[in-house]
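Take a look at the model below. Then read the short report that follows.

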Amino acid sequence: VLRTGEQYLESISHRSKAEIFVMGKEVDDVTRNPFLKPSVMAFKATYDAAWEEDSKDLGRAWSPFINEEVNRFTHIHRSPEDLAAKVKLLRKISHKVGACFQRCVGFDALNTLYITTSIMAEKGRKDYYQRFVEYLKHVQKEDIALAGAMTDAKGIRTLKPHEQPHPDVYVKVNEVTKDGIYVSGAKANITGVAASEEIIVLPTRAMTKEDKDYAVAFSVPLDTEGVKIVVGRQLNDARRFEEGDIDGLPYFYNHEGLVIFDNVFVPMERVFMLGDWEFSGVLVEIFSAYHRQGYGGCKAGLADVIIGSASNLAKQNGVEKASHIQDKLTEAVFLTETMYAAGIAASLNAVKVGDAWWVNPMHANVTKHLVTRFPSEITKITTDIAGGMLGTAPSEWDLKNPKLRGYIEKYMQGMMDYSAEDRLRMTRLLENTSLGVAFMIESVHGAGSPAAQRIMFNRLYDFKYAEEVAKRLAGMKSEANFTKKPEPWRETDTERVSES
Ligand code: SF4
Ligand code: FE
């Protein structure tokens with residue numbers, strides 16, 4: 001059943017056992033905690049999107065698994081248009097919250113497990129697929145808020161999981177019983193985790209035979225015994241405790257957290273990979289491409305908010321007609337629409353795997369690679385347009401102090417159509433969005449750091465084919481009959497599987 005945003009809030013406010021820590025203190029109710037509330041409200045927007053007039057067509061999809069309409073964030077892509085709808089929906093929700101709304105990792109984890117378990121079923125490991133489909137139905141019926149946890153703590157980066165001095169810096173299976181498994185370890189940088197109800201855990205890298213205890217995928221509710229969440233700090237985060245309504249962008253934000261599993265029991269029906277190290281590389285590739293595609297939507301949407309703020313500040317400062325300002329805004333538009341166009345290309349050039357659709361891996365990696373570069377360019381431009389106020393504006397508490405109010409209203413005002421408060425508000429919005437974690441840091445590292453995409457470009461691009469094309473045109477002897485190499489993901493799949 002499609003839940004409303006209110007139903008989501010209601011559900012997570014009643015969670016009792018979950019161990020969530022913010023700045024060293026345990027949190028009772030994430031919906032009331034001033035540090036986490038902005039994240040919860042941004043997450044809630046993914047539920048509201050399925051009901052609001054301007055987004056509900058994108059926010060819903062039809063599920064053949066439960067024969068009902070579901071929230072798109074729980075949907076398995078059935079067509080290239082579904083994938084494009086994801087990108088469009090993410091751009092739209094960014095407009096509503098101006099932050100990362102944190103539900104896409106869980107969404108991508110569902111689609112990844114659907115495809116991976118069906119590939120495993122093809123190779124004779126049938127249980128996982130059936131178990132996963134049962135789990136999927138539960139997620140769709142209950143419209144569960146999912147976090148996806150992939151990146152392990154990783155310890156010494158040059159060592160494989162089983163070589164680490166601390167054997168559980170990658171999440172590890174400690175024990176297998178007939179009812180389930182016990183796992184220990186930690187996943188880092190987990191987006192939105194405190195605002196979610198369940199976590200899907202996936203392996204973070206291709207594993208070897210020696211690492212088979214680390215080749216594990218499962219899901220657990222957040223309030224499972226032994227699960228602990230340590231919420232990370234961010235730039236300007238203490239402003240949320242001030243409870244103002246200008247400085248802290250108090251309504252919407254995002255968070256990341258460290259998730260610790262201290263010998264956590266996972267019932268067997270929630271285990272979707274167990275020791276199948278040959279499939280971990282395929283899983284990682286499928287997941288990362290899905291998540292890289294999505295950035296073309298959400299980061300373009302965030303860029304729209306940033307461009308809008310800068311454009312308005314230019315008006316407030318009376319410089320909007322200056323040709324260099326117009327040229328800078330034009331450049332920001334070009335950068336934004338390029339990221340989005342790549343995300344749409346990754347969607348419409350999708351690949352069918354069984355009865356589901358995966359993104360185009362080359363174009364998904366291109367999308368993310370653009371996102372590692374363009375947001376900082378856009379921020380450079382909008383910082384320039386906004387002027388030095390972006391770093392020096394008085395606080396809202398100065399504006400609210402009767403001894404200062406008159407002065408601030410006079411000296412912080414620009415064009416007479418706008419008040420000083422308008423200028424402070426817009427400046428803070430630009431500060432919180434353009435210089436925040438979601439735009440400046442997550443754009444670089446989320447869904448894989450830049451080098452990871454460059455590795456994929458090399459793997460996916462058919463250099464041999466390109467060379468044969470050139471040789472033929474140059475009048476050299478060309479041995480090729482213009483056949484391209486087989487679909488790389490399929491090749492990867494069989495390559496890895498045959499190693500077993
Ligand atoms: Fe979704 Fe973008 Fe946030 Fe990732 S960074 S969870 S794709 S909004
Ligand atoms: Fe992300």
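Over which residues does pLDDT stay under 50? That stretch is 491-500.

## Confidence

This is a predicted model, where local features need pLDDT of at least 70, side-chain atom pairs count only at pLDDT 80 or more, and totals for chains, interfaces and linings use all residues; side-chain values use heavy atoms, without hydrogens and water. Residues are numbered from 1 along each chain as its sequence is written, chains are lettered from A and ligands numbered from 1 in the order in which they are written.

The protein averages a pLDDT of 94 (the predictor's confidence in each residue, from 0 to 100). Residues 491-500 have 19 contacts beyond four places in sequence (heavy atoms within 4.5 Å). Where pLDDT is low, the predicted coordinates should not be read in detail.

Tyr295 sits in helix α7 (residues 280-316) and Glu442 in helix α15 (residues 442-445), so the pair ties together parts 147 residues apart in sequence. Helices are DSSP runs of H or I, at least four residues, and strands are runs of E, at least two, numbered from the N terminus.

## The sheet

Six strands form an open, mixed sheet in the order β2-β1-β10-β11-β7-β6. Two strands pair if DSSP finds at least two bridges between them. Strands β7 (residues 180-191) and β11 (residues 256-267) run antiparallel, joined by nine bridges. Ile181 stands opposite Val266 in β11.
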